[in-house]
Amino acid sequence: MRFILITPPGSVEGEHVLITRMFENGLPLLHLRKPGCDDDFMSAYLSRIPLEFHKRIVIHSCYELTQDFNLRGLHITGSNILNKNGIICRYKNKEGFTVSISYHTLEELDNNDPGIDYIFLSPLFDSISKKNYKARFNSIELTGALKRSRIDVVALGGLRLTNMYEVKGQGFKGMAFLGAVWEADDPLKSYLAIQEKLLNMI
């Protein structure tokens, strides 16, 4: 079961310290998503995270930085999806480097894209961080689509402690969290609670 944390789109006080503490406490994978930020910002952001944790970071933009930092991989967002094959060919050139992608319909799960290691499917539940981003999948159709997919599918959108067992039961291969951590009063405490529950589910 993949356990992924996505960075907040804006800034959170003490964000780099919190992320470092999360890595120190076992965070396996961080998706670095900062919409609208340029290479200089992203490079400075990565430089504030200890080098030993860079191999657990997937970047959502500024893909050229994967050549400068020892990152885990890159994530293809909606704005780059038409060029997904070119991106895969250009950047997926070292062992262990992953490429993931975001989809929002069950039909897209049948694409079986070569070179894609896992898929974010959202929104599974009403989003915590996007107030008008509502759940959109029928449970029976969702379970069938997940069984057909040849690529691991990671649930995203509205995940929290109270619905994690439901997500696992539907057949997802991973869970990605954003609002449940970053909109909590204590993001580190929230992260640790989610991690503990996930470990108990395995």
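In which helix does Asp-39 lie? Asp-39 is part of helix α2, which covers residues 39–47 (helices are DSSP runs of H or I with at least four residues, strands are runs of E with at least two, and both are numbered from the N terminus). Before going on, a word on the model: it is a predicted one, where local features need pLDDT of at least 70 and side-chain atom pairs count only at pLDDT 80 or more, while totals for chains, interfaces and linings use all residues. Residues are numbered from 1 along each chain as its sequence is written, and side-chain values use heavy atoms, with hydrogens and water left out.

Back to Asp-39: its relative accessible area is 34%, so it counts as partly exposed (buried is under 20%, exposed is over 50%, partly exposed is in between, with a 1.4 Å probe and protein chains only). Asp-39 also belongs to a negative surface patch, together with Asp-38, Asp-40, Glu-64 and Asp-68. A patch takes residues with over 30% relative accessible area and no salt bridge, joining like charges within 9 Å and nonpolar side chains (Val, Leu, Ile, Met, Phe, Trp, Tyr) within 5 Å.

Now for the paired charges. The whole structure holds five salt bridges, each being a side-chain nitrogen of Lys or Arg within 4 Å of a carboxyl oxygen of Asp or Glu. One of them joins Asp-152 to Arg-2, with the closest N and O atoms 3.6 Å apart. Because Asp-152 sits in strand β7 and Arg-2 in strand β1 (residues 2–6), this pair ties together parts that are 150 residues apart in sequence. Asp-152 is partly exposed at 28%, and Arg-2 is partly exposed at 23%.

Glu-15 and Lys-34 make another salt bridge, at 2.8 Å from N to O. Here helix α1 (residues 15–24) supplies Glu-15, and the loop between β2 (30–32) and α2 supplies Lys-34, 19 residues apart. Are these two buried or exposed? Glu-15 is buried at 4%, and Lys-34 is buried at 3%.

Lys-92 and Asp-117 also meet in a salt bridge, 2.8 Å from N to O. Both come from loops: Lys-92 from the one between α3 (84–91) and β5 (98–103), Asp-117 from the one between β5 and β6 (118–121), 25 residues apart. Lys-92 is partly exposed at 28%, and Asp-117 is partly exposed at 26%.

Key:
Accessible areas come from the Shrake-Rupley method with a 1.4 Å probe; for residues, only the protein chains shown count as cover. Lys and Arg count as positive and Asp and Glu as negative; His and the chain ends are not counted. The place of a charge is taken as NZ of Lys, CZ of Arg, CG of Asp or CD of Glu.
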